[in-house]
Amino acid sequence: MTSPLELQDLAVEIATEAGELARRRRTEGVAIAASKSTLADIVTEADREVEALIRSRLAVARPDDGFLGEESGDAEGTSGITWVVDPIDGTVNYAFGMPSYAVSIAAVTGSRNPGEWRALAGAVRAPSFGETFRAATGEGAWLDDRRLSVTTDAPAGALIGTGLGYDPRTHAGDLETLSRVMPLARDIRRIGAASLDLAFVAAGRLDAYFERGLQPWDIAAGRLLVDEAGGRSGWFEPDEFGRSMAIVAGPELYERLRERILG
Ligand code: LIP
C-alpha cells in the first residue's frame, strides 16, 4: 500500500515538470484550441499538451490507478486511487498573460465526486511564482519547508476570494450571493484560478474562498491543502444550473460564511 506521502511526492514531481512545460509554452505564445461550456470557457493547446504529459507520467509510475482530467476525460483504474488533474487551472489568465495559473494534481479514493471522495495527496504548482503547495492526508499542508495554517481571526473583516463562472446566465445570482457575503468582508479578490484561491486560504493569504460551479479538478488538490492547514471545507448540493457550491475558511469564519451563502 502506497503512503499518502509517496503519492504527494509523485504529485509534486509531475506538477513541477508540467508547470515548467506550461511556462515554456506561455513564453512561446498561446494558441486558443477551442471553447468549451461557453464562448468564454477556453482551452489552449498548452492545456492539452500539459495534461498529456501528466497522464503519461502517471501511467508509467502508477499504471493501476484511475485518471480524471479536465481535458482528456477519465479512465477507471483497479487500485481504488484516482488522479484528478487540472493541467492549467486559470486558463483565461494564462491566455491573457497573467501569472496566476497553476497545475493541480491530486490523488483521491472512494468516489469521483468531490462531495464523497477522500483526498489522499495533492500538489498545486504555480510556475510563474516558483511555488509548490503540497499536502498529504494527516501530514499537514506545506509550502517549501513552511507548514501552512489558515487564519483564525480577521479583525478588520475577512479577505475573501471568489469567482464568477463563464456562464452569463448565472452572474446575477452569483452577484446576489456576493452581496450577502459583503458584510463579512474586508475586501474581495478574484484571482481566476481556484486551485490558487484554495492554496492561498491554506497559506493564510486569504481568509476564505467560495465559488459556485467549480469542477472536481479545480478543487481536488486545493481543498486538501485547506483541510490539512486546519481549515474547514464544504461542497454543497447543485443549484438549478447543476453548479455545486464550494466554501472554505478557518473554522469560525466558515460557519458564518456558510450561513450567509446557503442560509
Ligand atoms: C477555472 C477556475 C476559475 C473559475 C472557473 C474555472 P480553468 O478553471 O479556476 O477560477 O472561476 O470557473 O473553473 O477552466 O481555468 O481550469
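Predicted model: local features only at pLDDT ≥ 70, side-chain atom pairs only at ≥ 80, totals over all residues.
Colleague: Which residues lie nearest the centre of the largest pocket?
Modeller: Residues are numbered from 1 along each chain as its sequence is written, and side-chain values use heavy atoms, with hydrogens and water left out. A pocket is an open set of points on a 1 Å grid over the protein atoms alone, where a 1.4 Å probe fits and protein lies on both sides within 12 Å along at least five of seven lines; lining residues have an atom within 4 Å of a point. The largest pocket has 36 of them, and nearest its centre lie Asp41, Tyr166, Gly213, Gln215 and Asp218.

Colleague: What volume does the largest pocket have?
Modeller: Volume here is the space filled by probe spheres set on the grid points, which are joined across faces, edges and corners. For the largest pocket that comes to about 740 Å³.

Colleague: From which domains does its lining draw at least three residues each?
Modeller: The bounds come from an automatic or database domain assignment. The lining of the largest pocket takes at least three residues from each of domain 1 (4-147) and domain 2 (158-262).

Colleague: How many charged residues line the second largest pocket?
Modeller: Asp, Glu, Lys and Arg count as charged; Ala, Val, Leu, Ile, Met, Phe, Trp, Tyr, Cys and Pro as nonpolar; the others, Gly among them, as polar. The second largest pocket holds about 190 Å³ of space, and 14 residues line it, with Gly173, Asp174, Thr177, Arg212 and Asp239 closest to its centre. Three of the lining residues are nonpolar and three polar, and the charged ones number eight.

Colleague: Is strand β15 mostly covered or open?
Modeller: Buried means under 20% relative accessible area, exposed over 50%, partly exposed in between (1.4 Å probe, protein chains only). Met245, Ile247 and Ala249 on one side and Ala246 and Val248 on the other are all buried. With five of its five residues buried, β15 is mostly covered.

Colleague: In β15, what is the bridge partner of Tyr209?
Modeller: Two strands pair if DSSP finds at least two bridges between them. Strand β13 (208-212) runs antiparallel to β15, joined by five bridges. Within β15, Tyr209 has as its partner Val248.

Definitions and conventions
Helix = DSSP H or I, 4+ residues; strand = E, 2+ residues; numbered from the N terminus.
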